[in-house]
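Please keep the sequence and the model in view.

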Amino acid sequence: EFRRVLFRSLRELAGKKEPFFLAVGFVKPHLPFVAPRKYWDLYDPAAIRLASNPFRPRNAPEYAILPGGELRSYRGVPAGAIPDDMARRLKHGYYAAISYMDAQLGKVLEELKRQGLADKTIVVLWGDHGWKLGEHDAWCKHSNCENDVNAPLLLSAPGVGRTGVQCNALVEFVDVYPTLCDLAGLPLPPHLEGKSLKPLLQDPDRPWKKAEIGRAHV
């Protein structure tokens, strides 16, 4: 039903020939890690490795990293340490859920092409937080370690920069709005705290921010 409504909206927008903004949300890979079997079958359970750093940061206070209460609200998940076999199963489910979401995103991008919108539509793919899979003896989010605050951000702006380029500059979520305004030729309100990433799209190696601000996702 979601895909039917979304594709109908894209067809309508394509027919109007006017600028549009469309926000599309994907629940996965959020808990619970549920996906069709074929996405589980993409991964060999025997090849799934446990976290390489299952220990707390040195000298960090106990409250700095919570153990993952969101995961433990599901039946069958122990309150203490996660057994290795369960940890591998959870990571397997996480990978499957990501692949399932990727497939749905691919369908949206294909529909953009089908409607003749791909070569004139800015696409931003981002997640609101990172995730721990046993790192630091914890799961889920709710901390300021890099696992939690390092989130995916992919930008595609037709005619701006090169495709398939990775950028290692420090960017923040507050940069997304000014970036969209800049790429769309819209004026930027003076109160914004972020900055447009358009210069990075044009030159990914240029000097950029020396620091960024993160917060524990709650």
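In this predicted model, the loop that connects strand 2 (132-133) with strand 3 (139-140) contains His 136. The relative accessible area of His 136 is 12%, and a residue under 20% counts as buried, so His 136 is buried. Its backbone also deserves attention: His 136 is not a glycine, yet its phi is positive, near 60 degrees. Most residues other than glycine have a negative phi.

With a relative accessibility of 23%, His 142 is classed as partly exposed.

Attention now turns to helix 1. This helix comprises residues 2-16 and spans 21 Å from its first C-alpha to its last, close to the 21 Å expected for its 15 residues. Leu 6, Phe 7, Leu 10 and Ala 14 are its buried residues. Viewed down the helix axis, they fall within an arc of 95 degrees and therefore line one face of helix 1. These buried residues pack against helix 4 (84-114), whereas Gly 15 and Lys 16, on the other side of helix 1, are exposed. Just after the helix, Lys 17 adopts a positive phi of about 60 degrees.

The loop between helix 1 and helix 2 holds Pro 29 and Pro 32. The peptide bond from Lys 28 to Pro 29 is cis, with omega near 15 degrees, and a cis bond also joins Leu 31 to Pro 32, with omega about -5 degrees.

Notes. Residues are numbered from 1 along each chain as its sequence is written. This is a predicted model: local features need pLDDT of at least 70, side-chain atom pairs count only at pLDDT 80 or more; totals for chains, interfaces and linings use all residues. Side-chain values use heavy atoms; hydrogens and water are left out. Helices (H or I, at least four residues) and strands (E, at least two) are DSSP runs, numbered from the N terminus. The expected span of a helix is 1.5 Å times one less than its number of residues. Buried means under 20% relative accessible area, exposed over 50%, partly exposed in between (1.4 Å probe, protein chains only). The arc is that of the directions from the helix axis to the C-beta atoms. Contact means heavy atoms within 4.5 Å.
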